[in-house]
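Hello,

Below is the structure I said I would pass on. My notes on it follow.

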Amino acid sequence: MEINSLTGEFVCAPTEHAFLRHKQEQTRSLLGFTLTFCTVFYLGFFATDLAALGWGPDAMALLAARILVGLTAGTCAWLAYRRPLSVRATRLAASLSESVALACFMLISVLRPAEFHWHAMSLAIMLVVVYLYIPNRLRYASIIAVVTTVVFVFLANRYGRFTPADEFTMGMLLVLVNTFGFLAARRFHHVSREEFRSWSVLKHAAERDHLTGCFNRRYLHDHLMGGQWIDRAPEANCLSVVLCDIDHFKHINDTHGHGDGDMVLRGFARILQAAIRDGVDSVVRYGGEEFLVVLPGTDLEGGMRLAERLRVTFAATEVVSNDGATRLKATASFGVASVDLAQFSFEPPLRRLIAAADELMYRAKRNGRDRIESLQLA
C-alpha cells in the first residue's frame with residue numbers, strides 16, 4: 001500500500017478506491033456540514049454589501065450571486081446528507097460548490113473595488129477552506145485554488161487601488177496561503193491513508209487464517225452467518241456451499257511432519273482461492289484441514305461443477321516438501337449443498353446449508369473418499 005509522496009494518495013488505484021469507499025460516509029457528512037456552514041455565512045455577508053453599496057443595482061446583483069452560491073452549495077449539502085452519493089458525485093459536488101462560490105466572489109470584488117485589501121484576506125480564508133475543509137481530491141482543490149488566485153491578482157491589478165509594492169505583497173501572501181494549504185492538505189491525505197493502511201492490516205489479521213490466507217471462523221460467524229454474503233451478490237436467488245476435507249491428512253502429518261502438512265494446506269487453499277469469483281464467493285478455513293466455500297448466486301449444478309474442478313485439480317497437484325526431496329499428493333472429499341432462496345423458509349439459510357454439507361462430506365468419506373456428495377435443500 002504505497003502512498004504517493006506528492007498527492008498523499010495510494011499509488012495502487014484499487015487500494016485508493018477501497019480507501020475512498022471506506023471513508024465515504026464520513027466524507028459525505030463532512031461535505032454536508034461544511035457546505036451548510038459556508039452557505040449560511042456567504043448569505044449572511046450580504047450585510048456587508050449593503051453597508052458598502054446601499055440599495056441599488058450592484059447590491060441586487062451581489063444578492064443574486066450570493067443566492068446562486070447558496071442554492072448550489074445548499075443543494076449539494078442536501079444531496080450529501082440525504083442521498084448515498086458516490087465518490088465521483090461527492091467530488092463533483094465539492095468542486096462545483098467551490099467553483100461557483102469563488103466565481104461569485106470575483107464579482108463581489110469587482111463591484112466593491114475599494115476594498116480589495118479586505119477581499120484578499122477573505123480569499124485567503126476561502127482558500128484554506130478549499131484545501132482543508134471541503135473534502136475533495138487534492139489535485140482538484142489545488143487547480144481551483146491556483147486558478148482563483150491568478151484571476152484575483154489580475155482583477156486586483158485592474159480594479160484595485162494598490163501601489164506596486166502592495167500588489168507584490170498581496171501576491172506573495174496568497175502564494176504563501178496556497179503553499180501552506182497544499183502542504184497541510186497533502187499531510188492530511190497522507191495521515192488518513194496511513195490510518196487506513198494500519199486498519200487494513202489489523203482487519204486482515206482479525207479475519208484471516210495466518211497459515212492459508214483464507215477467512216477464519218470469526219469472519220464466518222461475524223459476517224457471513226449474519227447475512228453479509230448478500231452484500232456480495234444482492235441479486236442472488238440461490239445459495240450453495242462446498243465443504244471439503246483433505247483425505248488422510250493426519251497420515252501426512254505423521255509421516256512427513258507438520259511442516260509438509262502445512263505446505264499441503266497452503267497448496268489446497270491456493271487452489272480454492274483461484275477457483276472462486278473474487279469479491280463474490282468466500283473461502284473459509286473451517287477446521288484443521290476442512291475448508292468451506294460460500295457461493296452466493298450459484299445453484300447446485302454450479303456448486304457440483306466447482307467441486308469437481310477442485311477435486312480433480314487437487315488430486316493432480318504435487319506439493320514439494322520443505323526439504324525439496326519429496327513430492328506429496330493428496331485427495332479431498334466434498335459435500336455440496338444448495339438452496340433456492342425464494343422457496344426457503346428457514347433463517348438463516350447458511351447455517352442449515354453448512355450442517356447439510358458437513359453431513360454430505362462425511363458421507364463422501366464413508367463411500368470411499370476423493371468424491372463428491374450433493375443435496376438440494378427443500
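Arg 305 and Glu 301 join their side chains in a salt bridge, with an N to O distance of 3.2 Å. This is a predicted model, and the distances here are computed from it. Both residues belong to helix H11 (residues 300–316), and because they are four residues apart, about one helical turn separates them. Glu 301 is exposed, at a relative accessible area of 53%.

The structure holds 17 salt bridges. Another of them pairs the side chains of Lys 365 and Asp 245, at 2.7 Å from N to O. Lys 365 sits in helix H12 (residues 349–366) and Asp 245 in strand S1 (residues 238–246), so this pair ties together parts that are 120 residues apart in sequence. Lys 365 and Asp 245 are both buried.

A further salt bridge links the side chains of Glu 318 and Arg 327, at 3.8 Å from N to O. Glu 318 counts as partly exposed, with 44% relative accessibility, while Arg 327 counts as exposed, at 58%. There is also a network: Asp 49, Arg 66, Arg 112 and Glu 115 are joined by salt bridges that share partners.

Next, a helix pair. The axes of helix H5 (residues 116–133) and helix H6 (residues 138–159) come within 10 Å and cross at roughly 175°. Angles over 145 degrees count as roughly antiparallel, and that makes H5 roughly antiparallel to H6. On the H5 side, the residues making the contact include Phe 116, Leu 123, Leu 127 and Tyr 131. On the H6 side, they include Leu 138, Val 146, Phe 152 and Tyr 159. By class, this contact of H5 with H6 has 14 nonpolar, four polar and no charged residues.

Last, helix H9 (residues 249–256). Which of its residues are buried? They are Phe 249, Ile 252 and Asn 253. Seen down the axis of H9, these buried residues fall within an arc of 95°, so they line one face of the helix. Lys 250, His 251 and Asp 254 are exposed on the other side of H9. The cover over the buried residues of H9 includes S1 and helix H10 (258–275). S1 is also the strand that holds Asp 245, the partner of Lys 365. After H9 comes Gly 257, which has a positive phi, near 100°.

Regards

Methods: Residues are numbered from 1 along each chain as its sequence is written. This is a predicted model: local features need pLDDT of at least 70, side-chain atom pairs count only at pLDDT 80 or more; totals for chains, interfaces and linings use all residues. Side-chain values use heavy atoms; hydrogens and water are left out. Axes are lines fitted to C-alpha atoms, for helices over the stretch in contact, and angles run from 0 to 180 degrees between N-to-C directions. Helices (H or I, at least four residues) and strands (E, at least two) are DSSP runs, numbered from the N terminus. Angles under 35 degrees count as roughly parallel, over 145 as roughly antiparallel, 65 to 115 as roughly perpendicular and the rest as oblique. Contact means heavy atoms within 4.5 Å. Ala, Val, Leu, Ile, Met, Phe, Trp, Tyr, Cys and Pro count as nonpolar, Asp, Glu, Lys and Arg as charged, and the others, Gly among them, as polar. A salt bridge is a side-chain nitrogen of Lys or Arg within 4 Å of a carboxyl oxygen of Asp or Glu. Buried means under 20% relative accessible area, exposed over 50%, partly exposed in between (1.4 Å probe, protein chains only). The arc is that of the directions from the helix axis to the C-beta atoms.
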